[in-house]
Amino acid sequence: MSGNMNLTLKIWRQRNTKTKGALVDYKVKDISPDMSFLEMFDVLNEDLISKGDEPVAFDHDCREGICGMCSMHINGRPHGPKDAITTCQLHMRSFSDGDTIVVEPWRANAFPIIKDLTVDRSAFDRIIASGGYISVNTGNAQDGNVLPIAKQDADIAFAAAACIGCGACVAACKNASAMLFVSAKVNQLAHLPQGQPERMTRVKAMVAQMDKEGFGACTNTGACSAECPKEISLVNIAAMNREYLKANLISTED
Amino acid sequence: MAALTFILKSSIGNKLIMGLTGLFLIAFLMVHCIINSMIFMNDGGVIFNEAAEFMGKNVAIRTMEIGLFAGLFIHIFQGLNLVFKNRKARSVNYSVQNGNKSSKWYSRSMGLLGTLLLIFLIIHLRHFWYVSRLTNEISSDTNTLFDEMKKVFASFWVVLIYVLGMISLAYHLMHGFQSSFQTMGWNHKKYTPALKMIGFWFSVIIPFIFSTMPIALFLGLIK
Amino acid sequence: MPINSNIPEGQLENKWTKYKSTIPLVNPANKRSLEILIVGSGLAGASAATSLAELGYKVKCFCFQDSPRRAHSIAAQGGINAAKNYQNDGDSVYRLFYDTIKGGDYRAREANVYRLAEISPNIIDQCVAQGVPFAREYGGMLSNRSFGGTQVQRTFYAAGQTGQQLLLGAYSALERQVGMGSVEMLSRHEMLEVVIIDGKARGLIARNLITGELERHFGHAVLLCSGGYGNVFYLSTNAMGSNTTAIWKAHKKGAYFGNPCFTQIHPTCIPVSGDHQSKLTLMSESLRNDGRIWVPKKAGDERNPIDIPESERDYYLERRYPAFGNLVPRDVASRAAKERCDAGFGVGNSKMAVYLDFKFNMMRYGKVEATKQGLLNAQDSEILALGKQVVKEKYGNLFDMYQQITGENPYESPMRIYPAVHYTMGGLWVDYNLMTNVPGMYALGEANFSDHGANRLGASALMQGLADGYFVIPYTIGAYLSKEIATKAISTDHAAFEEAENSVKERLEKLLSIKGSKTVDHFHKRLGKVMWDKCGMARNAEGLKEAILEIQAIRADFWTQVRVPGEMNDLNPELEKAGRVADFIELGELMCMDALARNESCGGHFREESQTEEGEAMRDDENYSYVAAWQYNDMNWQMQKEELKFENIKIAQRSYK
């Protein structure tokens, strides 16, 4: 078919966490511009399997940009060359015939590589487990309309809650900092009346866990937000800094 | 005080120190710049020398100087500490990075710019602070600070180093100024754009004024 | 085994309330020694794990993804129904119950559906309390919108990401329990077998997907919350990993499979663009509120859609169903699209698509805007530009998604859409307690067959998943566990565990040892094509019989020709996929058998033999008013029938005309 592409891929291959990895060259032929980037990987893997090679391991699930599981660093950018989308939403029409595409895993010591392009992001789960919730048991709730929430606050909370936990912010940050991820959750809950009772303890616990996981510090370069597929704003980080300082300097809570 | 250990222990606390000391140094830069600008009076350094003498003799100012050095030291120490810590967060780097798509090079190079500034600062302190505070080479009649300036800036290479130092300062400030407000949590839809603009012009103007001084002295525009 | 749905006695309205207060309880001290295994961490799994842990049970939760937050519930777009009647438009528990039964084409259990409607308001309250940012009005109150198949506004939503927000709420609550040590979360673990001891579910074998190790886990009860099996069609709106394996293993160990052929085909998906396609993407049902669906009146019309004049367009839904128009239920809309395409009126390269056109409503919105802004003599182009802005605010993210995938601009020319597999109403047969016929084994959410009959209404899946997990299972599990307090934890050295683990191991080894010439995807695609062509939107006896034979052939080929690379003790996505596809192939056969046995049309199940003169689905209440519960016996199945009784609803032929 006309318009189809032949491409060279340089893909990070690594057997497991302990071994060293390297970029390996592959050629893919006759790639339709209508394919998604991951479908192009399917083609490559089918080809590798039939040749008797081991396919490339990579994380993916919903393939519609919401589950946050896909995680490739493509040509130097998390989720590839286009803004505000995930790798699974990237389509091959963003590339041209003859291109060389370098694909690497998210790189951060807090996200150890499991195999090839698959990394372990369970640090994010542990951060949420440390305080990214409202302590309300099933059955505790009062009527949903008892607490009116200004539309503006609901909208801010929603914009922060749009985070899909993919880790692109960490991957993009030169310090592998998780501030954008953590701040999105802190700020979501801080903007809702239900989140008030645990507001101070939450931010302290989550920041402590974040530091413990080995993410770097934020140096406000803004790369996280620029690469975020859900365009989570840097304002969240400032807001979390404020929350954190308040919790430590002003609040009388321990 | 136990409640304040977060400043040392947490990443945000560390950053707060950077921001606060940074702002403190920015305030100093302003004072420094105003006093040095006295040379543009073109009065053979009379007013400038008076101001310099006041700064050198006044007890309150000298006491504050200790604070300044402390601030500077903390800023440098903490900065280097953060650079190394942050590097440890990613021990294997990407082979291809397209960072300019998502952030400014100088935002990502604060450690490098800071190190250049540190080198510049050592040279600068040797040139002026050392001779005026720790030796007897400067006196109000034979060899004023203004005279010393003219001597130092007679060398093209020194002028070049100073100009390069000021370029580093400009970029360092361009990130540092607005970043310190972000770290303290001051990001507001209404005020942040204005703050960023102030930061930008501050970062351009102050280093520009500073670098015109050696150039003007070198070219003999100021006598 | 005779089938007993254990529906409590009494009036429909009082059944649940009364039953709830009479279910035996387990005292807090005993709860601490009772272990519950939960497979899946979506809305049903996460909410169940959380609620049960809060009660004090020891809970282990398994998911195959890297984090419980990835479960496919996250992809639900539109909203969640609840009979709150906040809009004062006459909604009530009864109405939600009635709409759900009618929408499901009278093939669901009255008592279960009534309970679902009754619980629905509590779900909203619980989610709000967790910090789920539902859409709000300016006054701070919760906002609602309407959805297909209903005439009230009862759908709560968070932009086009309701599923994501609800799941993240449940996930946060789950992580809270994980942080407190009450739930042990085992991510990247896949359940590959259930362990039955003395007829009761007592544990499972899970594979650690990173190390490949097989692990044995004991539980006093096992809850399967593993979602639907739409991926049996290869192409569906499900996530790539969504699979039937958990419930299929349970089925093969004795759990009945209820109504396997009931599949929901969603009418508004982005059409297939080529053979490379790995999944289909949904365009939210909410788009049908503002889009008009049409095809050209002339078959094979190759013109650009914007050049086709009004008079040559066939707005077939409005033509056929004047009362509901573009908002008919999903099954009706899907079939109508297929009918037009089969008749040669389809559009696009593949001719398997219809247009969803927003221009009409863009003009309507544009006029309103123009009036608001006082532009009385605005040109059509200005009005259109204003209208585009309004549409952009409402559906911007969906339009962007469309443009990403197709490379076409939906603001300029109509979207092309086609139906795609979306949800499976069928699943493990469960009684009123959500327990399968195997004691101690439960199925929740999409994994069970219970509440949606033959067609699910929009915004009801989220409701059911959370109802099951938050408000049903915490009560009903007591009926079983109260009798288990004397059962000590069984050692995983027990022969049953040994045997289960060995069977899993043998099967994995077998898959790896075939070393054939065809990839797993090859077989999955083959299966999907048979299923879609013969057990898809329209089915007939002849096709289904052929399909069964073809699927048997695929199964035989699979087990002799598949090539699974890599090793067992390693992260091996191909091996995972191979196991899942092997199960899909077996399930596909059962689905065709079920579809063949049900010689009537109901909801999403359309048998060509059973239609009215106008081509509408025709139910046969006389002969088929039952749930088909299939019992497995070594690749043979027997059907048990659970008769459906409608005592509170007048059963009628659905009409949306």
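User: What makes strand 14 and strand 15 of chain C a pair?

Analyst: Three bridges join strand 14 (residues 354-357) of chain C to strand 15 of chain C, and the two run antiparallel. Two strands pair if DSSP finds at least two bridges between them, so three bridges meet the rule. One bridge joins Leu356(C) to Met415(C) in strand 15 of chain C. Strand 11 (residues 263-269) of chain C also pairs with strand 15 of chain C, antiparallel, over five bridges. There, Thr263(C) stands opposite Thr424(C). This is a predicted model: local features need pLDDT of at least 70, side-chain atom pairs count only at pLDDT 80 or more, and totals for chains, interfaces and linings use all residues. Residues are numbered from 1 along each chain as its sequence is written, while chains are lettered from A and ligands numbered from 1 in the order in which they are written.

User: Why is strand 15 of chain C called mostly covered?

Analyst: Of the 10 residues in strand 15 (residues 415-424) of chain C, 10 are buried. A residue is buried if 20 or more other C-beta atoms lie within 10 Å of its own, exposed if 12 or fewer, and partly exposed in between, with C-beta atoms placed from the backbone.

User: What makes helix 13 and helix 16 of chain C roughly perpendicular?

Analyst: Helix 13 (residues 495-514) of chain C packs on helix 16 of chain C at an angle of about 110°, with the axes 10 Å apart. Axes are lines fitted to C-alpha atoms, for helices over the stretch in contact, and angles run from 0 to 180 degrees between N-to-C directions. Angles under 35 degrees count as roughly parallel, over 145 as roughly antiparallel, 65 to 115 as roughly perpendicular and the rest as oblique. Helix 13 and helix 16 of chain C are therefore roughly perpendicular. Leu508(C), Leu511(C) and Leu512(C) of helix 13 of chain C meet Leu575(C), Ala578(C) and Gly579(C) of helix 16 of chain C.

User: How do you know which class the residues of that contact belong to?

Analyst: By class, the contact of helix 13 with helix 16 of chain C has five nonpolar, one polar and no charged residues. Ala, Val, Leu, Ile, Met, Phe, Trp, Tyr, Cys and Pro count as nonpolar, Asp, Glu, Lys and Arg as charged, and the others, Gly among them, as polar.

User: Why are strand 2 and strand 4 of chain A called edge strands?

Analyst: Five strands of chain A form an open, mixed sheet in the order 2-1-5-3-4. Strand 2 (22-31) and strand 4 (77-78) of chain A each have a single partner strand, so one side of each is left without a neighbour in the sheet. Strand 1 (residues 5-13) of chain A pairs with strand 2 of chain A, antiparallel, over eight bridges. Helix 1 (residues 37-51) of chain A packs on the sheet, touching strand 1 and strand 2 of chain A.

User: How do you know what span to expect of helix 1 of chain A?

Analyst: The expected span is 1.5 Å times one less than the number of residues. Helix 1 of chain A has 15 residues and reaches 21 Å from its first C-alpha to its last, close to the 21 Å expected. Among its buried residues are Phe37(A), Met40(A) and Ile49(A). Their cover includes strand 2 of chain A together with helix 16 (573-597) of chain C.

User: What counts as contact between chain A and chain C, and how many residues take part?

Analyst: Two residues are in contact if their C-beta atoms, placed from the backbone, lie within 7 Å. The contact takes 65 residues from chain A and 63 residues from chain C. Helix 1 of chain A gives the most to the chain A side, with seven residues.

Notes
Helices (H or I, at least four residues) and strands (E, at least two) are DSSP runs, numbered from the N terminus.
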